[in-house]
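I opened this entry to keep track of what I looked up in one structure. The notes follow the order in which I went through it.

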Amino acid sequence: DLRWDAISKLGEFKLYDRTSQEDVVSRAKDAEVILINKVNITDEIMAQLPKLNWTFVSDSTNVVLDYTCNLARTHFAGRDYNVWYAVDVPLPYGPYKFYGLPGLIVKIEDANQNYSWVLKGNKTIENWEEETYAEKLNKQFGQRINNLEVDRKKFETLYADYKNDPFAKIKGRIPAEALSQKMPGQDKTIGEVFKEQEKWLKDAMNANNNNIEIQAIEGKPKK
C-alpha cells in the first residue's frame with residue numbers, strides 16, 4: 001500500500017472512504033490519476049466518462065421544483081442538449097452520463113425533445129445504506145457472475161447481429177423432429193411457437209429505433 005507521505009507528493013487529491021459502482025463515473029471524471037483499493041473500475045466504466053464541453057447561456061433562468069436554475073448546453077453522442085442546473089445545490093451530478101456542472105442537473109432534454117429527464121422530488125431516506133442487498137449477498141457468499149466484458153465497438157457489433165437474428169446461435173441446436181412436435185398444452189408445434197417468439201422479439205427490438213446515443217450501430221442491413 002502507498003504511504004500517505006508518498007500520496008501527498010502527487011499533488012491535489014480527493015479521498016473517498018468508499019465508492020459504489022454508481023459513483024465511479026462522477027468521481028473519476030476529471031482525474032489525471034486514479035488510485036483504487038477494492039473498487040472495480042472496468043474498461044466499460046472508463047468508457048462512460050464522456051468529455052462534455054459545456055456552453056453556459058447567460059440571462060437564461062428557470063424554476064424547477066422550486067430550484068432556481070441556469071441554462072447550459074452540450075453535445076453528446078449525436079444529440080444537442082439543453083440542461084438546467086440548480087445554482088443552490090453545488091453538486092456536479094446528473095442523470096445518465098451527464099455531469100460536471102456547478103450545480104445539480106434537475107432538467108435536461110435534447111433539442112428534438114426525444115429524451116428528457118426532470119427532477120420530480122427529493123426526500124431523506126431513513127436508515128439508508130450504501131451497499132445494496134445484492135452487494136451484501138455477494139460479499140457474504142462470494143457469489144460471482146461471469147460476465148464477458150467487451151469493448152463498445154464489439155458490443156455494438158454483437159448487438160446488431162442479435163437484432164437481425166436473435167435465435168441464430170440456438171437454431172442449429174434444435175433437431176428438426178423436435179420442431180414438428182406439439183407444444184405441451186397448445187395446438188401449435190414447437191417450431192410454430194419458436195417462430196412466433198422470434199417475430200415478437202424482432203418487432204420489440206426494431207420498435208426501439210431511436211437510441212439515445214445516435215452513433216450506436218442500429219443493425220446491419222439484411223441481405
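This is a predicted model: local features need pLDDT of at least 70, side-chain atom pairs count only at pLDDT 80 or more; totals for chains, interfaces and linings use all residues.

**Entry 1**

As background, strands in a sheet pair through backbone hydrogen bonds, and the pairing can be parallel or antiparallel.

I then looked at two of the pairings. β3 and β4 run antiparallel and are joined by six bridges. In that pairing I found Val83 opposite Ile108 of β4. Strand β4 (residues 104–110) also pairs with β5, again in the antiparallel sense, over three bridges. Here Glu109 faces Ser116 in β5.

**Entry 1: positive phi**

Most residues other than glycine have a negative phi.

The hairpin gave me one of them. Five residues separate β4 from β5 in this hairpin, and Gln113 in the turn has a positive phi of about 60°.

Asp66 is another non-glycine residue with a positive phi, near 70°. I placed Asp66 in the loop between β1 and β2 (67–76). Is Asp66 buried or exposed? Its relative accessibility is 74%, so Asp66 counts as exposed.

Tyr96, also not a glycine, has a positive phi of about 55°. Tyr96 sits in the loop between β3 (79–86) and β4. Its relative accessibility of 42% makes Tyr96 partly exposed.

**Entry 2: Pro90 in the β3–β4 loop**

I stayed with the loop between β3 and β4, where Pro90 is also found. Pro90 has a relative accessible area of 66% and is therefore exposed. Leaving aside residues up to four places away in sequence, Pro90 touches Pro102 and Gly103. I also checked Pro90 against Leu101: they are eleven residues apart in sequence, and their C-alpha atoms are 8.5 Å apart in space.

**Entry 3: helix α5**

I checked the length of helix α5 (residues 152–164). With 13 residues at 1.5 Å a residue, α5 should span 18 Å, and its end C-alpha atoms are 18 Å apart, which agrees.

Which residues of α5 are buried? They are Glu156, Ala160 and Lys163. These residues cover an arc of only 65° around the axis, so they are on the same side of α5. I then looked for what covers the buried residues of α5, and α8 (190–207) is included.

**Entry 4: salt bridges**

Side chains of opposite charge can pair when their charged atoms come close. I wanted to know how many salt bridges there are. The count comes to four. I wrote up Lys97–Glu213, Lys188–Glu196 and Lys199–Asp203, each with its own distance below.

The side chains of Lys97 and Glu213 meet at 2.8 Å, N to O. Lys97 is in the loop between β3 and β4 and Glu213 is in the segment after α8, so this pair ties together parts that are 116 residues apart in sequence. Lys97 counts as buried, because its relative accessibility is 15%. Glu213 is buried as well, with a relative accessible area of 8%.

In the salt bridge between Glu196 and Lys188, the closest N and O atoms are 2.6 Å apart. Glu196, at 41% relative accessibility, counts as partly exposed. Lys188 is partly exposed too, with a relative accessible area of 33%.

Lys199 forms a salt bridge with Asp203, and the closest N and O atoms are 2.7 Å apart. Why are Lys199 and Asp203 separated by about one helical turn? The reason is that they are four residues apart in helix α8. Lys199 counts as exposed at 53% relative accessibility, whereas Asp203 counts as partly exposed at 41%.

Definitions and conventions. Residues are numbered from 1 along each chain as its sequence is written. Side-chain values use heavy atoms; hydrogens and water are left out. Two strands pair if DSSP finds at least two bridges between them. Helices (H or I, at least four residues) and strands (E, at least two) are DSSP runs, numbered from the N terminus. Buried means under 20% relative accessible area, exposed over 50%, partly exposed in between (1.4 Å probe, protein chains only). The expected span of a helix is 1.5 Å times one less than its number of residues. The arc is that of the directions from the helix axis to the C-beta atoms. Contact means heavy atoms within 4.5 Å.
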